[in-house]
Amino acid sequence: MTVSRPSPNPVPSHIVAQSLRKAACYGKAERIAPGLVRVLAENAKDYTGPGTNTYLLGEDRLWIIDPGPAMDCHVAAVLDAINGRPVDGICVTHTHMDHSPAAVALQAATGAATYGFGGLPPAAVAVTEEDVDADFRPDVRLGDGERIGSGRWTVEALHTPGHFPNHLCFHLVERGLLFSGDHVMGWSTTAVVPPLGHLGAYMDSLDKLAAVSARLMAPSHGPLVDRPAERIAEIRAHRMARHDQILDCAGRGIVAVADIVAAIYPDLPDRLVQAAQGQVRAHLDWAAETGDDAPLPLVPTRPAGAHP
Ligand SMILES: [Zn+2]
């Protein structure tokens with residue numbers, strides 16, 4: 001791989017999150033497009049921005065995209081927004097704790113079936129320290145390219161591993177609207193942390209989303225993204241710049257994960273260091289897999305930290 005000059009560090013995500021939080025609207029249904037309502041969960045953290053977006057799709061009959069965290073106030077707000085209308089399905093992008101757990105209460109209240117790629121195997125739960133929902137099992141498993149919907153609209157499931165193995169994006173075909181989950185967001189880049197995160201898979205999934213040519217993207221955190229192709233290209237370029245920075249570190253004899261983090265994330269708050277180390281491990285693993293690590297000594301990897 002060619003070593004390019006490192007790009008400047010982007011604005012730290014926690015600073016962006018603080019500004020987004022100020023504008024957040026919790027507990028109320030926001031109509032953000034025809035037939036599309038967002039209910040924002042009050043679970044703002046470093047890695048969730050202002051909180052999780054739960055989307056209600058439809059008018060007379062609804063689908064829920066990403067139930068969100070198991071918070072009573074959030075479930076109550078979603079049910080309030082549903083306002084007694086029938087719910088045909090609950091789609092889950094992936095089983096991080098800020099996305100799937102409210103499916104239990106929403107299913108109990110609406111009777112709707114749950115849809116997702118699949119639950120997390122026990123072996124995967126055993127090797128991660130991330131906040132995962134080990135209990136979620138969808139009623140209906142959706143594979144890559146499978147379609148659901150009514151006669152008026154179609155949603156295509158896109159399997160997009162990388163951030164998380166069972167991550168799905170949902171493409172509302174007739175409107176070119178892509179529910180991008182955590183895979184592509186406008187407010188921040190996405191954490192890819194081994195062993196459940198995988199950078200090669202993440203980049204392949206970016207290509208899959210680019211091929212959809214969506215007109216609008218609705219991520220699970222942060223605002224709508226109105227130029228999806230540009231955002232996907234921007235994130236790809238950012239990841240490659242980071243990759244070059246990390247390989248450049250190796251070329252300068254900086255090989256320990258902690259030292260690489262200190263070199264490329266110079267003003268990182270302590271609480272974000274563990275996640276940054278996970279991100280660096282993802283790059284080192286990817287370099288090893290693709291043969292880009294020729295100048296690197298073997299750097300041991302270990303399980304990831306908290307969910308970013
Ligand atoms: Zn996630």
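User: Looking at this predicted model, in what order do the seven strands of the open sheet run?

Analyst: The model is predicted, so keep that in mind. Seven strands make up an open sheet, and the pairing is mixed. Reading across, the order is S1-S2-S3-S4-S5-S6-S7.

User: And which strands sit at the edges?

Analyst: Look for strands that pair on one side only. That picks out strand S1 (29-33) and strand S7 (140-141).

User: Which residue in S5 is the bridge partner of Ile-64?

Analyst: Strand S4 (residues 62-65) and strand S5 (residues 87-91) pair in the parallel sense, over four bridges. Within S5, the partner of Ile-64 is Ile-90.

User: Where does the largest nonpolar core lie relative to domain 1 (13-235) and domain 2 (238-290)?

Analyst: This core has 71 residues, and Ile-64, Ile-90 and Cys-91 are among those touching the most other members. Helix H8 (residues 273-290) gives the most to the core, with seven residues. Domain 1 and domain 2 both give residues, so the core lies between them.

User: Which residues does Cys-91 touch, leaving out those up to four places away in sequence?

Analyst: Cys-91 is one of the core members with the most contacts to other members. Skipping its sequence neighbours up to four places away, the list is Trp-63, Ile-64, Ile-65, Tyr-115 and Phe-170.

How values were computed
Residues are numbered from 1 along each chain as its sequence is written. This is a predicted model: local features need pLDDT of at least 70, side-chain atom pairs count only at pLDDT 80 or more; totals for chains, interfaces and linings use all residues. A nonpolar core is a set of buried Ala, Val, Leu, Ile, Met, Phe, Trp, Tyr and Cys residues joined through C-beta atoms within 7 Å. A residue is buried if 20 or more other C-beta atoms lie within 10 Å of its own, exposed if 12 or fewer, and partly exposed in between; C-beta atoms are placed from the backbone. Helices (H or I, at least four residues) and strands (E, at least two) are DSSP runs, numbered from the N terminus. Domain bounds come from an automatic or database domain assignment. Two residues are in contact if their C-beta atoms, placed from the backbone, lie within 7 Å. Two strands pair if DSSP finds at least two bridges between them.
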